[in-house]
Amino acid sequence: MDKPKGKLIAVGGNEDKGTYPNPKSKRKYYLDFFELGILKRFIEEIPARKPRIEVITTASLIPEEVGERYMSAFGILGAENANTMHIRTEEDALLPEYLERLRNADGIMMSGGNQSRLTQIFGGTEFMEVMMKKYWEDEFVIAGTSAGAMAMSRIMIKGGSATESLLRGSVKMAHGLGLIDGVIIDSHFVARGRFGRLIEAVATHSKTIGIGLGEDTGVLITEGDLIETIGSNLVVVVDGHSVGYTNVNDVPAGRPISIEKMVMHVLAKGNIYNINTREFFKDGDTMQHSLLQTTQRTL
């Protein structure tokens with residue numbers, strides 16, 4: 001089975017961009033951005049020595065402000081060849097200038113905002129075809145935060161209240177950009193209590209893996225199926241492959257749903273999960289040891 005040469009980095013939102021903590025802030029965790037920051041990891045995963053980075057602000061309603069924050073962060077990190085693409089309409093996405101910049105880029109970052117804007121503006125366009133081709137054929141890194149992360153999957157959470165989740169129909173689904181199959185990604189997972197929302201989404205789409213991203217936390221996805229947790233918080237993996245009974249397709253809208261044997265894993269920084277084999281590993285060394293043992297048994 002072919003695997004993409006590129007990598008995905010899906011971030012839960014509120015990633016530390018290198019600002020100093022505000023003493024009055026209610027945040028309970030801070031990240032030493034220069035040592036552990038997700039944006040730093042994004043740059044490190046790009047093989048080019050002086051990478052060309054494009055920040056796509058399409059999902060945001062305040063693109064200039066968001067773009068400036070990223071430019072400041074990348075400047076702090078020494079990524080001098082970073083620029084913004086303020087693509088606002090479907091017509092903008094067709095402009096030769098943006099297509100050429102995408103072809104020349106080594107990595108892109110899709111900002112937060114509304115994930116439906118990303119699918120509406122890029123879905124089925126040449127821009128998306130170029131992005132997909134680079135991801136599969138080149139060592140191209142695609143990062144997305146919040147909405148930018150949620151839009152990566154083929155099946156996407158469009159919306160839905162966390163407080164009303166697990167009542168049939170409370171979670172709204174749509175088609176995503178299709179960069180990765182078999183998963184559903186949710187963001188701001190911990191702070192906004194979206195456990196039920198992701199569980200309902202997975203139950204509604206059998207044989208899928210749900211990935212719930214905490215704030216300032218993400219997953220690095222290599223070869224299309226291997227995820228590593230990066231950042232300061234946690235990632236929740238919801239595995240729907242073993243679900244037995246569920247009434248999700250039988251009860252009327254607004255009524256509680258029941259689910260048998262939904263499996264959940266909680267990943268902290270450095271933990272690894274294989275989407276295809278659905279295996280959890282403490283770290284890369286543990287995974288390599290397990291692969292070696294498996295190889296030896298088959299010889």
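User: Which residues of H2 and H3 meet?

Analyst: In this predicted model, Leu-39, Phe-42 and Ile-43 of H2 meet Tyr-70, Ala-73 and Phe-74 of H3. The residues of this contact divide into 6 nonpolar, no polar and no charged.

User: What makes H2 roughly perpendicular to H3?

Analyst: The axes of helix H2 (residues 38-45) and helix H3 (residues 63-76) come within 10 Å and cross at roughly 65°. Angles of 65 to 115 degrees count as roughly perpendicular, and H2 is therefore described in that way relative to H3. The crossing of H2 and H3 is right-handed.

User: Why are H5 and H7 called roughly parallel?

Analyst: The axes of helix H5 (residues 96-104) and H7 cross at roughly 5° and come within 10 Å. An angle under 35 degrees counts as roughly parallel, so the term applies to H5 and H7. On the H5 side the contact is made by Tyr-98, Leu-99, Leu-102 and Arg-103, and on the H7 side by Glu-126, Phe-127, Val-130, Met-131 and Lys-134. These residues divide into 6 nonpolar, no polar and 3 charged.

User: How many residues does the largest nonpolar core have, and which have the most contacts inside it?

Analyst: The largest nonpolar core has 44 residues, and those with the most contacts inside it are Phe-122, Phe-127, Met-131, Ile-142, Ile-211 and Ile-227. Helix H7 (residues 126-137) supplies the largest share of this core, 5 residues. Leaving aside neighbours within four places in sequence, Met-131 is in contact with Leu-102, Ile-108, Phe-140, Ile-142 and Leu-179. There is also a second, separate core of 21 residues, which includes Phe-42, Val-55, Ala-82 and Leu-220.

User: Why does Ile-9 count as buried?

Analyst: Buried means under 20% relative accessible area. Ile-9 has 0% relative accessibility and therefore counts as buried. Its place is in strand S1 (residues 7-11). Not counting residues up to four places away in sequence, Ile-9 touches Ile-38, Phe-42, Glu-45, Val-141, Ile-142, Ala-143, Gly-144, Met-152, Val-219, Leu-220 and Ile-230.

User: How far apart are the C-alpha atoms of Ile-9 and Leu-118?

Analyst: They are separated by 16 Å, while the two residues lie 109 residues apart along the chain.

User: Is Ser-116 buried or exposed, and how do you know?

Analyst: The relative accessible area of Ser-116 is 18%, so Ser-116 is buried, the cut-off being under 20%. Ser-116 lies in helix H6 (residues 115-122). Apart from its neighbours within four places in sequence, Ser-116 is in contact with Met-156 and Lys-158.

User: What is the phi value of Ser-146, and where is this residue found?

Analyst: Phi of Ser-146 is near 55°, a positive value in a residue other than glycine. Ser-146 is found in the loop between strand S5 (141-145) and helix H8 (147-150). With a relative accessible area of 11%, Ser-146 is buried.

User: Why is Leu-166 called partly exposed?

Analyst: Buried means under 20% and exposed means over 50%, with partly exposed in between. The relative accessible area of Leu-166 is 31%, and Leu-166 is therefore partly exposed. Leu-166 lies in the loop between strand S6 (155-159) and strand S7 (172-175). Its phi is near 70°, a positive value in a residue other than glycine.

Methods: Residues are numbered from 1 along each chain as its sequence is written. This is a predicted model: local features need pLDDT of at least 70, side-chain atom pairs count only at pLDDT 80 or more; totals for chains, interfaces and linings use all residues. Side-chain values use heavy atoms; hydrogens and water are left out. Helices (H or I, at least four residues) and strands (E, at least two) are DSSP runs, numbered from the N terminus. Buried means under 20% relative accessible area, exposed over 50%, partly exposed in between (1.4 Å probe, protein chains only). Contact means heavy atoms within 4.5 Å. Axes are lines fitted to C-alpha atoms, for helices over the stretch in contact, and angles run from 0 to 180 degrees between N-to-C directions. Angles under 35 degrees count as roughly parallel, over 145 as roughly antiparallel, 65 to 115 as roughly perpendicular and the rest as oblique. A crossing is left-handed if the near helix is turned anticlockwise from the far one by less than a right angle, and right-handed if clockwise. Ala, Val, Leu, Ile, Met, Phe, Trp, Tyr, Cys and Pro count as nonpolar, Asp, Glu, Lys and Arg as charged, and the others, Gly among them, as polar. A nonpolar core is a set of buried Ala, Val, Leu, Ile, Met, Phe, Trp, Tyr and Cys residues joined through side-chain atoms within 4.5 Å.
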